[in-house]
Amino acid sequence: MTPAEIVSRISPDDRTKALIAFVAIDQMDLRGVEGEETRRLHREAHYTDLRDQLVAKANASQERDQAAAAPAVVSSRHRPSGPGGMYTLRSKDEQALRQRAQVLKASIDAYRSPSISTPRKDAATGDLVVEVRYYGLG
């Protein structure tokens with residue numbers, strides 16, 4: 001992640017706090033530390049810690065954005081039952097599950113009396129389960 005991406009993914013308040021911390025590191029009193037090289041290494045360690053904190057915040061922001069944009073996974077299984085059948089849909093996201101069930105129901109001929117069950121929770125997997133049933137003709 002580039003510095004511009006890091007800065008763009010953190011809040012203005014966090015940017016201000018980081019700038020204040022950066023200036024504080026630059027103005028640290030390290031006169032008691034022996035040698036210029038040792039003082040430089042102390043400052044670099046503080047800079048690295050500050051950068052790691054900012055990168056962690058930026059990564060968390062990016063992960064939240066990706067999780068929100070990721071499509072919900074809805075699995076589907078079909079079981080024929082005579083001339084009719086039943087689709088079993090599973091997902092952790094109730095809204096995506098209901099939308100998928102509505103689309104599936106709309107694709108079934110109205111003469112087959114398609115119906116959608118109330119979502120229930122599968123205790124074993126934690127998934128929500130919906131069944132779309134339809135009957136055969138004739």
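The model is predicted, so local features need pLDDT of at least 70 and side-chain atom pairs count only at pLDDT 80 or more, while totals for chains, interfaces and linings use all residues; side-chain values use heavy atoms, with hydrogens and water left out.

**Stop 1: the largest pocket**

Select Pro3, Ile6, Val7, Ile10, Phe22, Tyr47, Leu50, Arg51 and Leu54, which line the largest pocket. A pocket here is an open set of points on a 1 Å grid over the protein atoms alone, where a 1.4 Å probe fits, with protein on both sides within 12 Å along at least five of seven lines; lining residues have an atom within 4 Å of a point. The space inside is about 160 Å³, a volume filled by probe spheres set on the points.

Now colour the helices (DSSP runs of H or I, at least four residues, numbered from the N terminus). Which helix gives the largest share of the lining? H3 does, with four residues. Helix H1 (3-8) and helix H3 (36-69) each supply at least two lining residues. By type, the lining has eight nonpolar residues, no polar ones and one charged; Ala, Val, Leu, Ile, Met, Phe, Trp, Tyr, Cys and Pro count as nonpolar, Asp, Glu, Lys and Arg as charged, and the others, Gly among them, as polar.

**Stop 2: Arg39**

Stay in helix H3 and pick Arg39. Leaving aside neighbours within four places in sequence, Arg39 is in contact (heavy atoms within 4.5 Å) with Leu30, Arg31, Val33 and Glu34.

**Stop 3: the aromatic pairs**

How many aromatic pairs does the whole structure hold? There are two. Rings of Phe, Tyr and Trp (its six-membered ring) pair if their centres lie within 6.5 Å; planes under 30 degrees apart count as stacked, over 60 as edge-to-face and the rest as tilted.

Show Phe22 and Tyr47: their ring centres are 5.3 Å apart and the planes lie at 35 degrees, so this pair is tilted. Phe22 sits in helix H2 (residues 12-26) and Tyr47 in helix H3, 25 residues apart.

Then show Tyr87 and Tyr134, with centres 6.1 Å apart and planes at 35 degrees, so this pair is tilted.

Methods:
Residues are numbered from 1 along each chain as its sequence is written.
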